[in-house]
Amino acid sequence: MLIIAFAIIEGLAATALFGYDLVASIKRSTLRSGIYQEPDDLLGWRTIPNLEMPDLFGTGLAFRSNGQGFRNTQNFSATRPDNTVRAICSGDSFTLGIGVSNENTWCSMFSATRQDMESANLAQAGYGVGQAYLRYSRDAEGLEHDLHIFAVITDDFRRMRLAKFVGTNKPYFAIKDDELSLENVPVPATSRMAVWWTLNQGIFTETSTGQFINRLMARFPKSPRANPPPRMQTSRELAWKIFEQLHEKTTARNAKLVLVYLPEQANPMRVGEDWRVLMHTFAAEHDITFVDVYSHLHRLPVEQRDALFSREWGHFSVAGNRLVSDLIWATLGKDWQPADLQHPSTK
């Protein structure tokens, strides 16, 4: 009788906990970034234009977008203003500036350093290397600029191989006949259920029933995987080809390419070392400026490193964004200017 009573109580308690988690999962039906994103047939998703969210990341920490869907308050004309250097920033959420207001992203800080600078922030949360390149290719078309600052984190190289990111459909590149091939476009519409399941499947797998099924399935031989994980060499080849097209596209637009490797707080140095070497090698072979924020941060004491990230958001704090901006200028040269602009004005 005691065993039966325990089984009933345990079952009821487990069911109650499961129900509580299931109700709570309704709040996790979309990514937090979904509040300022809209579907895009080429890119998968992009920022909704003309947004005004004054307290998105906390009181006074505003998220604003312009009519072009960039994280800027002003629109950018096709031709840059006279005696003005224009930079375009491409990347993921670390460039978009999760957790800080518009003026405290490193892209905004970069242009605020000089009176003759302006910068357009084309970054988007969740983008991989391929999506960041695609957005620059399309949305910077006809937008005169002098610098293209292309910033990535280690996970962006994993994302470039995926057809989905957290359940959301996305484009990706593959190599066919030794050439880049853009796949999964137009990007299929994403089911809200697919995103919900990706975010909340742990609710089911962590139940006793879920664990029982997993143990049971483990006894059966696994069938060969239809899509085995790509070899590192293949991923390196893919990244190299994307960088080649990125360099060609930037050069054709009479702009200078700057590659920036950004750190993630949780990753130890060794995790991204292969990609750091690849970016450094590519930059050296193509005479491209390479800004290695990744190595710089990992040389700092732990307490200084932690201060560069927001505890709540896991991205750069204001100090972290300032560091990135300063390192880009230190590598590029504070007085850098394009050949047709001879009157730099620094603050």
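User: Is arginine 46 buried or exposed, and what is its relative accessible area?

Analyst: Let's start with where to look in this predicted model: arginine 46 is found in strand S2, residues 44-47. A residue counts as buried when its relative accessible area is under 20%. Arginine 46 falls under that cut-off, so it is buried, with a value of 13%.

User: Which residue's backbone oxygen does the side chain of arginine 46 reach?

Analyst: Leaving out residues up to four places away in sequence, arginine 46 touches several residues, including Tyr36, Asp40, Gln68 and Asp139. One of these contacts involves a backbone oxygen, which the arginine 46 side chain reaches at 3.4 Å. That oxygen belongs to glutamine 68.

User: How far apart are the end C-alpha atoms of helix H13?

Analyst: Helix H13 covers residues 318-332, which makes 15 residues. At 1.5 Å a residue, the helix should therefore span 21 Å. The model agrees with that expectation, because the end C-alpha atoms are apart by 21 Å.

User: What residue follows H13, and what is its phi near?

Analyst: Within H13, the buried residues include Leu323, Val324 and Trp329. After the helix comes glycine 333. Its phi is positive, near 105°.

Key
Residues are numbered from 1 along each chain as its sequence is written. This is a predicted model: local features need pLDDT of at least 70, side-chain atom pairs count only at pLDDT 80 or more; totals for chains, interfaces and linings use all residues. Side-chain values use heavy atoms; hydrogens and water are left out. Helices (H or I, at least four residues) and strands (E, at least two) are DSSP runs, numbered from the N terminus. The expected span of a helix is 1.5 Å times one less than its number of residues. Buried means under 20% relative accessible area, exposed over 50%, partly exposed in between (1.4 Å probe, protein chains only). A polar contact is a pair of N or O atoms within 3.5 Å; within protein, one must be able to donate a hydrogen and the other to accept it, and residues adjacent in sequence count only if both atoms are side-chain atoms. Contact means heavy atoms within 4.5 Å.
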